[in-house]
Each structure stands twice: as structure tokens, then as C-alpha cells.
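The account below goes from the site as a whole to individual atoms.

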Amino acid sequence: MLPPTKLLIGGQWTDSASGKTFDTINPATEEVTATLAEAGPEDVEKAVAAARKAFDEGPWPKMAASERGKVLRRIADGIRKNLQVFADLETADTGKTLFDSGKVEVPLSADIFDYYGGWADKFYGETIPVRGNALAFTLREPVGVVGMITPWNFPLLLETWKVAPALAMGNTCILKPAMLTPLTALKLGEIALEAGLPEGVLNVIPGPGGKVGDALVRHAGVDKIAFTGSTEVGKGVLRACADTIKRVTVELGGKSPNIIFADADAESAIRGALTGIFYNKGEVCAAGSRIFVEKAIYDQVSDGIAKKAAQMTVGDPRDKGTRMGPVISKAQMDSVLGYIEAGKKDGAKILAGGAKVEGANGKGFFVQPTVFGNATNAMRIAREEIFGPVATIIPFENFEDVVKQANDSFYGLAAGIWTKDVKKAIRAAKAVKAGTVWVNTYNLYDPGLPFGGFKQSGFGRELGVHALESYTETKSVWMDLS
Ligand code: NAD
């Protein structure tokens, strides 16, 4: 089941220059899943040299775009053929349920490659009617070598959001996955080679962010950085990119409002609120972690959410009956439990959960799905990204009040709106400052629909045609006709 345990550089599986290795830990059992080569700064040098060579001298950027598209579709097929392996690896690394990895995220990852395989020969320049006797047109050219830095919550999926559009446009890639969850990135590297991706076009170098990620960000041989992670680290990445005026896109954190109006279908809204916060144990950048409920139905909805949260089965992510696996690590568990204490101290009321759960043999990093009621938007549990299974329910008075509160956040990644009134839904969708708004639903994704943040949730858009813009340079060509 394990992927290659070495670094993928220039089409070869290699040990790290330092010989260092690290272990990946299964958060459900605390057992070591694999021991892997750990990249360091010297390996970054090698990966950049390989990716540069593949871009500057190799066949990939020059290849017919339709041929690149075929390679992407073969990668999609390879992911589907290995679906169970990918799902097992993802669940072992992250603790997400096998249902989520095998039925939702790995299939969607394959779809992303198909989608961008289709775009490879369909995103191109324009002929523009300029003044004077000249012909002018634009070319869409690949940016070059792209450094990709990804988090641990949706490892494979978020990697495909970067790798697939970058490859479609003829770029070469250096992927640095999060150290907690590198297995599916290595498997993707293996599948890509089997699909005929030329050597050096996709390099995979798991290693520590402060060394390997930082070296990539600062390297003059890297043309663009595509970063997904926390807002704090993202700010540092932006600063470092300034030195070489690197192209950069950042997908960062969130504290998304999920707004339930009194005229909503309460049962659907309760289900949507639960999916919004507890999918993937709340380790979701777009999690609907601030649930605003209009006062007239506050008791009904908060009771409903609390009751259903208390019934959720927390446990072995490989069991069919499990709704929620462990959080990613001990550090994350301690941080989530710390936020639960902060919520209590600030005067919010625990309606469900609030504690650690013992796993089998006392192992694993399990936290109960936790629901806070009677909270305010000023509390820490409403302002800071907890990135765990903690819902904060806040009552509101009316439309104006909730829009004001919803937008009172540094973040602006996503929002949910629940109402049967179409006009109200549209007014609210326009009023909230968020990159994605779900109406009477939550957490839907499609390869064609752009995703990204307002405010400190980042900038640039992934998915859809919009992602292709950030993996291309526009060149204007003038031809004298006089
Ligand atoms: P993180 O910022 O700690 O790490 C993200 C990646 O950056 C990792 O690969 C890490 O090794 C690397 N890194 C760390 N320090 C670095 C540095 N100095 N220079 C370069 N790279 C460095 O985030 P995380 O804990 O892995 O992930 C959780 C965060 O990601 C949350 O804030 C979440 O909201 C965010 N996230 C955002 C989106 C989105 O699309 N907006 C999606 C998923 C996760």
C-alpha cells in the first residue's frame, strides 16, 4: 500500500542529501505508518535545478497542448485505478473517514485532472483591434517553475487544485506537501510518472515548512508560489516573495459564517450546519464555524444541532459507522481543547461535547463534536480559526445585524445562508464578504467553480478557468503591417 518513501526529483526517487528521515503517524492509532526521506535546503536546490531544466530545455512546455491534456487525463485514470490505495493512505495520514477519502475526495481529485486535461488546449490568447496599421495579439505562456506548498487537511485534493492547472498550462512543479500528510503526494508523483509525465516536470519533496517551504519561496529559480495554509504563515510567504517579485497566490484561513434565518427549513439548516462544521472534524478552511441563528428559532435550531452532534460516532476512521475520526495530531488536539476552555471562560455555554474521547487502547487524538451556544461574535471562539470540531452558535436580531456580524471578521473565505425567501438569499449573498456563498446548502465543490478568499483569507482563485490565469503570463505581440 505504501508509496515510494523517497524524494521525487528529476524523475528519480532519491534519498535526501542529508540522509535524514521522518515518520508519519496515524492519528487514530499513534502508530508509525511510514518512514520517509526528509528534504532539506540542498534537496530544494536539486529540485529547482530539475524543474528549471524540465521547463527551459524539456519537452513539456513545448508539447502540443492537446498532448499535455492526454497526459493529465491518464493521471486522472491512474488515480481512479488506485482509488483504494489513495483513500487508505489519506485516511492513515489525516484520520478522515474512509468514506470521505474514498467516496468524496479521491474521486474529486481524479475529476480535477480530467477537468484541466480538457482545458489544456482551450485557454489561449486573443487578437485585439489596436490603433494604427498593426496586428496585435496575446499569447498565454506558462509562468515557469511553480513551487507548491500545501496543508494537511485535504492533502491530495488541494495538491491537485495546484498541480493540474499548472501542468495543463505547461509549467513544471515542485510540490512540498505538509510533513504530517505526505503519502498521497508521493503516490501522485508515482502515478504521474507512469502516466508519461516527463522527468523533472513534477518533483515532490516533503520537508519542514520553515526550511524547505521557505527555501522554495526565496529561490530565484522559482517563478511562482502557490500556497495554501494558515494566514500567519501566508503573510510571511508574501513578504518573502517580494524580494524576487514572484508571482504568488495564497489560500488562507477562515472563520466562515453560516446564517440561519427564521424562515429557513429548520431541519435542512440543522443538517447543513452540522456538515458545515463537522465535515473532516472541522479541519476545513471553509468550515461554517460561526453559526448565526435568528432569535425566533434560536432554541429550536441550537437544540437540534446539539442533539445531533451528541449522536455523532467518533472513532476509528476506517469503520463504516464512524462519522468523525481523530484530529490530525496531539498538538492540534491540545489546541482545540484549549479553545474549548477559552469558550467556557468567555461565558459561552457548552451544548454538546467539550472533551477528549479515548480511542482504542487509550490511543488517538479524538475530540467530541462540540457545540457552544449563547456565544457572541467578540469571543475568541468566534474570532480565531480553531480548525477543529467546535461550533459557535450566535443569536442575531435581523438581516442588518447578521450581515454586520458576519462581516466583522478578518477572514472572508465562505458563507452559508439558509432562508426560503429568494430575494433575502440574494441580498445576503451579495452583502457577505466571502469568496464562496452557499444558499440552503454547504460545502459543495466543483472543478469548474472558482474558490478563494476575500480579506485575510487570501487572494487568487483556484479551480475553474480562473486558476489558469495564475499559471500563465500574458504576452502582447505587435506586428507592423505598414
Ligand atoms: P501551515 O500554514 O502551518 O502550513 C501550510 C504549509 O506551509 C505546510 O506545507 C507547511 O510545511 C508550510 N510552511 C510552514 N512554514 C512555512 C514557511 N515559513 N515558509 C514556507 N512554507 C511554510 O498550515 P497547516 O496547519 O498545514 O494548515 C491549516 C491552515 O491551512 C488553516 O489555517 C486553514 O484554514 C488553511 N487552509 C486554507 C485553505 C484555503 O483554500 N483557503 C484550504 C485548506 C487549509
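This is a predicted model: local features need pLDDT of at least 70, side-chain atom pairs count only at pLDDT 80 or more; totals for chains, interfaces and linings use all residues.

The ligand sits in the largest pocket. Domain 1 (7-252 + 457-478) and domain 2 (257-446) both contribute residues to the shell around the ligand, so the ligand lies between these two domains.

The ligand is surrounded by 25 residues, and the closest are Thr 150, Trp 152, Ser 230, Leu 252 and Glu 385. By class, the shell divides into twelve nonpolar, nine polar and four charged residues. Among the secondary-structure elements, helix H7 (209-218) and strand E9 (224-228) each supply at least two residues of the shell. H7 gives the most, with four residues.

An oxygen atom of the ligand lies 2.6 Å from an N or O atom in the side chain of Ser 230. For Gly 229, a polar backbone atom is 3.3 Å from an oxygen atom of the ligand. The backbone is also involved at Leu 252, where a polar backbone atom is 2.6 Å from a nitrogen atom of the ligand. As for surface, the ligand taken alone exposes 850 Å², and the protein buries 85% of that.

Notes. Residues are numbered from 1 along each chain as its sequence is written. Side-chain values use heavy atoms; hydrogens and water are left out. A residue is near a molecule or strand if one of its heavy atoms lies within 4 Å of it. A polar contact is a pair of N or O atoms within 3.5 Å; within protein, one must be able to donate a hydrogen and the other to accept it, and residues adjacent in sequence count only if both atoms are side-chain atoms. Accessible areas come from the Shrake-Rupley method with a 1.4 Å probe; for residues, only the protein chains shown count as cover. On a 1 Å grid over the protein atoms alone, a cavity is a set of points where a 1.4 Å probe fits but cannot get out, and a pocket is an open set with protein on both sides within 12 Å along at least five of seven lines; lining residues have an atom within 4 Å of a point. A molecule sits in a cavity or pocket if more than half of its atoms lie within 2 Å of its grid points. Ala, Val, Leu, Ile, Met, Phe, Trp, Tyr, Cys and Pro count as nonpolar, Asp, Glu, Lys and Arg as charged, and the others, Gly among them, as polar. Domain bounds come from an automatic or database domain assignment.
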